[in-house]
Amino acid sequence: MRSIKQPGPPVAQRIQWVEARGRGFSFTLQAGLPLLEAARRGFAAEGFAGGVLNFGRGALEPFAYVMPALSKTGENAAFYSETYRPEGVTRTKLGSMTLGVRDGAPFFHCHGLWTEADGKAGGGHMLPDETVVAEPFEVEAFGIDGAMFTAEPDPETNFKLFGPVAVASTGARTTSRSFALRLRPNQDFAGGLEDFCRAHGIARAKIHGGVGSTIGARFTHGGITEPFATELAITAGTIAPGSAGAPEAVLDVALIDYTGGIAEGRLVRGDNPVLMTMELVLEVQD
């Protein structure tokens with residue numbers, strides 16, 4: 001399986017996780033607000049400080065983003081491009097967001113695909129401090145209680161990355177046993193989830209959110225993304241017993257690579273290692 005050498009030594013625990021409670025809900029992002037604040041308000045209205053969400057068509061202006069890029073210094077295995085600020089309204093096709101905390105304040109990690117006002121198709125990593133909701137649009141969210149995605153220095157990748165940490169309950173109304181996860185580099189995405197579910201006695205689960213990167217990609221429809229640095233959003237994901245009865249992950253994703261190549265489809269199990277990180281929430285459905 002493909003692998004990329006990271007600047008720091010690997011951590012023994014390859015999946016960072018916290019068990020929590022959660023609940024799914026939908027809400028409308030309010031026009032005129034920064035995307036970060038609009039998302040924060042939507043979660044807060046349901047009693048949650050953080051969680052994950054997915055969205056389809058929406059409108060953003062102003063809008064700022066970066067793409068995956070090669071590292072110029074060697075201090076990281078890959079890095080970010082310069083910041084792009086397209087003029088006019090950018091219309092999203094899809095996206096996935098993790099809402100958490102960085103330096104004591106709300107922050108998000110958000111990847112998606114979109115079309116800019118001039119018709120250019122694009123994708124990448126949306127910047128929370130420069131992106132504003134231009135028109136109201138609906139999102140599907142999953143709030144978590146008892147865990148929070150918190151940005152902390154990660155010596156292995158030499159980035160400050162979101163990972164789940166245990167926090168006090170906010171008393172939000174919840175419906176489901178859930179796990180907030182972060183997969184670390186150089187492990188198969190599906191395989192890591194399947195191993196985790198076996199270890200925790202989880203037969204069936206739904207994936208909510210899903211923001212991260214893989215080392216290129218191999219799709220079940222035969223498509224291949226060769227450039228190794230990607231920005232990826234999960235569009236749908238489940239865990240369910242396979243033909244042998246063991247948990248199997250079905251992962252539908254969309255991504256952009258560092259050359260600007262865009263790809264969508266279902267990932268091949270066993271052949272899609274994580275590049276930097278993969279954040280998501282598992283809602284247990286046993």
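Two strands pair if DSSP finds at least two bridges between them; strands are DSSP runs of E with at least two residues, helices are runs of H or I with at least four, and both are numbered from the N terminus. This is a predicted model, where local features need pLDDT of at least 70, side-chain atom pairs count only at pLDDT 80 or more, and totals for chains, interfaces and linings use all residues. Residues are numbered from 1 along each chain as its sequence is written, and side-chain values use heavy atoms, with hydrogens and water left out.

**Exercise 1.** Find how many bridges join β12 to β13, and in which direction the strands run.

*Solution.* Start by locating β12 at residues 147-154 and β13 at residues 159-166. Next, count the bridges: there are eight, and the two strands run antiparallel. Then look at the hairpin: four residues lie between the strands, and Asn158 takes a positive phi near 65 degrees. Finally, six of the eight residues of β12 are buried (under 20% relative accessible area, with exposed over 50% and partly exposed in between; 1.4 Å probe, protein chains only).

**Exercise 2.** Work out whether Asp103 is buried or exposed.

*Solution.* First go to the loop between β7 (90-102) and β8 (105-115), where Asp103 is found. Its phi is positive, about 55 degrees, although Asp103 is not a glycine. Now read the accessibility: Asp103 counts as exposed because its relative accessibility is 62%.

**Exercise 3.** Locate Pro62 and describe the peptide bond that joins Glu61 to it.

*Solution.* Pro62 lies in the loop between β3 (58-60) and β4 (65-66). The Glu61–Pro62 bond is cis, with omega about -5 degrees.
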